[in-house]
Amino acid sequence: LYLWLILWGVTMLIPRRMPRAVCCVVYPVICALYGFAYGTLYAPFQALVDGLGWEGMLIWIANGLRFDILHGCGNFIFGFFILPLSELLSRLYQKYSRR
């Protein structure tokens, strides 16, 4: 759960009122960086649980780099859907909350 807390903290630091063009760049970049760093952020916990030492943790990170690259690229692509989906949800909420 601490991994999602990190992402939540980063997103809370994003200004709420950004121009749409800036949002279209910032959201995918943050998503991509989080995906690239996911394995590295997860490795300390995995090292504690599995009893890995420092070297084992570094091996864990190295072995997962290709998955982190895929994770980051996928997050980058799906990051472009954040703004349209949040706008859709906002419109739906406004439409159906009036009832």
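The legends below describe close-up views of a predicted model. Residues are numbered from 1 along each chain as its sequence is written, and side-chain values use heavy atoms, with hydrogens and water left out.

View 1. Helices are DSSP runs of H or I with at least four residues, numbered from the N terminus. D68, G72 and G79 of α4 are buried (under 20% relative accessible area, with exposed meaning over 50% and partly exposed in between; 1.4 Å probe, protein chains only). Viewed down the helix axis, the buried residues of α4 fall within an arc of 40 degrees, so they line one face; the arc is that of the directions from the helix axis to the C-beta atoms. Elements covering these buried residues include α2 (20-50) and α5 (82-97). R66, L70, I77 and F78 are exposed on the other side of α4.

**View 2. The largest nonpolar core.** A nonpolar core is a set of buried Ala, Val, Leu, Ile, Met, Phe, Trp, Tyr and Cys residues joined through side-chain atoms within 4.5 Å. The largest one has 9 residues: L3, L7, I14, M18, C23, Y27, I30, Y34 and L83. Two or more residues come from each of α1 (2-12) and α2, and α2 gives the most, with 4 residues. Residues up to four places away in sequence aside, Y34 touches L3, W4, L7, L41 and N75, where contact means heavy atoms within 4.5 Å.

View 3. Q46 counts as buried because its relative accessibility is 11%. Beyond its neighbours within four places in sequence, Q46 is in contact with L52 and W60.

**View 4. Cysteines C23 and C31.** The whole structure contains 0 disulfides, a disulfide being a pair of cysteine sulfur atoms within 2.5 Å. For C23, the closest cysteine sulfur belongs to C24 and is 6.8 Å away, too far for a bond. C23 has a relative accessible area of 6% and is therefore buried. The sulfur of C31 is also too far for a bond, at 12 Å from its closest cysteine sulfur, in C23.

How values were computed. Predicted model: local features only at pLDDT ≥ 70, side-chain atom pairs only at ≥ 80, totals over all residues.
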